[in-house]
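Subject: Structure handover

Hello,

Here is the structure for you to look over. My notes on it follow below.

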Amino acid sequence: MKLKMYQVDAFAEKVFCGNPAAVVPMHSWPDDALMQSIAMENNLSETAFFVRTERGYHLRWFTPEYEIDLCGHATLASAYIIKNFVEPHIGEISFTTKHAGVLKAAAENGLYTLDFPSRMPKPVDAAEQLLPSLGISTAVEVLKSRDYFVVLPDEEAVKNIEPDLTLMKELDTIGVIVTAKGKSVDVVSRCFYPGLGIPEDPVTGSAHCNIIPYWSRKLNKTKLHCRQLSQRGGDLQCELDGDRVRMSGKCVLYMQGEIDV
């Protein structure tokens, strides 16, 4: 079976920035094991697969380890592929998903805006190894949604995190978000997912489903400019709208080809 595959740098304006995702358009769903094998072979944080339906597209995301419930950058990359290679005249793309409900992506003048669910993290007692896994002894707050959500005092503290990924992998969640109020932007963050085989994710759309409601309340504003401080880095223009988070960014095509499976 031959399949088209694209690799896209999402939340980026030039190649080698943002977060790379593979996108594989499908006519029908193959076995889950095949999709997992393709994702493992790609060895990117996410490989997205979509199938066209009567209501839009059904979308699924696989890390090299397993299928995940929600992924922002691979959704952005999928919207880019649909707009540029499948339906050039489309303005809004509707995705159905297994666990995250209906997701929307609007495309206008090269900018893609995702409409995702808001996931306000809730305060929790930190797991014993959480702060040691980040190389720190204290935090402003520790919360949790899908991932641990660790608030630090300032941007420098986020930049200076040197995680112990082996220790972090023992946590009772797939990942850890660290965040603080920014200097030149509203909010900064870094995201670690060793439980998914991803040491540090370059730009994490799904994490901003937590980041935006939290910081919107703290900063008393609904529109936030966010920056993820990974080595590749990425900027997101975000807005909280009730129980939804909108995040906007651009995409750049890195590669297109065909795989033979």
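A disulfide is taken here as a pair of cysteine sulfur atoms within 2.5 Å. The model is predicted, so local features need pLDDT of at least 70 and side-chain atom pairs count only at pLDDT 80 or more, while totals for chains, interfaces and linings use all residues. Residues are numbered from 1 along each chain as its sequence is written, and side-chain values use heavy atoms, with hydrogens and water left out.

Cysteines. The whole structure has zero disulfides. Cys238 is in none, and the nearest cysteine sulfur, in Cys226, lies 4.2 Å away. For Cys251 the closest cysteine sulfur is that of Cys71, and at 11 Å it is too far for a bond. Buried means under 20% relative accessible area, exposed over 50%, and partly exposed in between (1.4 Å probe, protein chains only). Cys238 counts as buried because its relative accessibility is 4%, and Cys251 is buried at 11%.

Surface. Phe16, Tyr254 and Met255 form a nonpolar patch with about 330 Å² of accessible area together. Such a patch joins nonpolar side chains (Val, Leu, Ile, Met, Phe, Trp, Tyr) within 5 Å, from residues with over 30% relative accessible area and no salt bridge (a Lys or Arg side-chain nitrogen within 4 Å of an Asp or Glu carboxyl oxygen); areas come from the Shrake-Rupley method with a 1.4 Å probe. Met255 is partly exposed, because its relative accessibility is 37%.

Regards

Definitions and conventions. Patches are made of residues with over 30% relative accessible area and no salt bridge: like charges are joined within 9 Å, nonpolar side chains (Val, Leu, Ile, Met, Phe, Trp, Tyr) within 5 Å.
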